[in-house]
Amino acid sequence: MRYRLTFAAGLALGYVLGARAGRERYEQLKKSARQVAQNPAVRNTAESAAQTSRQVAGKAFHAVSDKVGDRVPASVADRMRSLRERGQGAEDDWGTSNT
């Protein structure tokens, strides 16, 4: 119960402080977040992390598919295949390719 009260108090305090900061502060935060996102170092790091995660996911997929084999229903296998094909060659919200 103590943790719920602490959470509720923190939530109320955050709401009050956020309301006092107003739209101007929100726009400042939004502008700085956009500048960070457009930084070439951040974009390169994000693309590198995305590429590494795709490689790891591919390895995991092959490892699982080798162990599971034909025990996966055809409908599930078809759905996984369509999801993988749909994501190839597209761009994400940051304007980077999903390669």
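**Figure 1. The salt bridge between E47 and R54**. A salt bridge is a side-chain nitrogen of Lys or Arg within 4 Å of a carboxyl oxygen of Asp or Glu. By this rule the model, which is predicted, has 1 salt bridge. E47 pairs with R54, and their closest N and O atoms are 3.6 Å apart. R54 counts as partly exposed because its relative accessibility is 29% (buried is under 20% relative accessible area, exposed over 50% and partly exposed in between, with a 1.4 Å probe and protein chains only). Side chains of opposite charge can pair when their charged atoms come close.

**Figure 2. The bend of helix α1 at G22**. Helix α1 covers residues 2-38. Helices (H or I, at least four residues) and strands (E, at least two) are DSSP runs, numbered from the N terminus. A straight helix of 37 residues would span 54 Å at 1.5 Å a residue, but the end C-alpha atoms of α1 are only 42 Å apart; the expected span is 1.5 Å times one less than the number of residues. At G22, α1 bends by about 90°, the angle between axes fitted to the seven residues ending there and the seven starting there.

**Figure 3. A nonpolar surface patch of V72, V76 and M80**. Together the three side chains have about 200 Å² of accessible area (Shrake-Rupley method, 1.4 Å probe; for residues, only the protein chains shown count as cover). Patch members have over 30% relative accessible area and no salt bridge; like charges are joined within 9 Å, nonpolar side chains (Val, Leu, Ile, Met, Phe, Trp, Tyr) within 5 Å. V76 lies in helix α3, residues 74-86, and is partly exposed because its relative accessibility is 38%.

**Figure 4. The whole protein chain and its confidence**. The chain has 3 helices and 0 strands. Of its 99 residues, 3% count as buried. Mean pLDDT (the predictor's confidence in each residue, from 0 to 100) is 79 for the chain, and 83% of residues reach 70 or more.

Residues are numbered from 1 along each chain as its sequence is written, and side-chain values use heavy atoms, without hydrogens and water. In this predicted model, local features need pLDDT of at least 70 and side-chain atom pairs count only at pLDDT 80 or more, whereas totals for chains, interfaces and linings use all residues.
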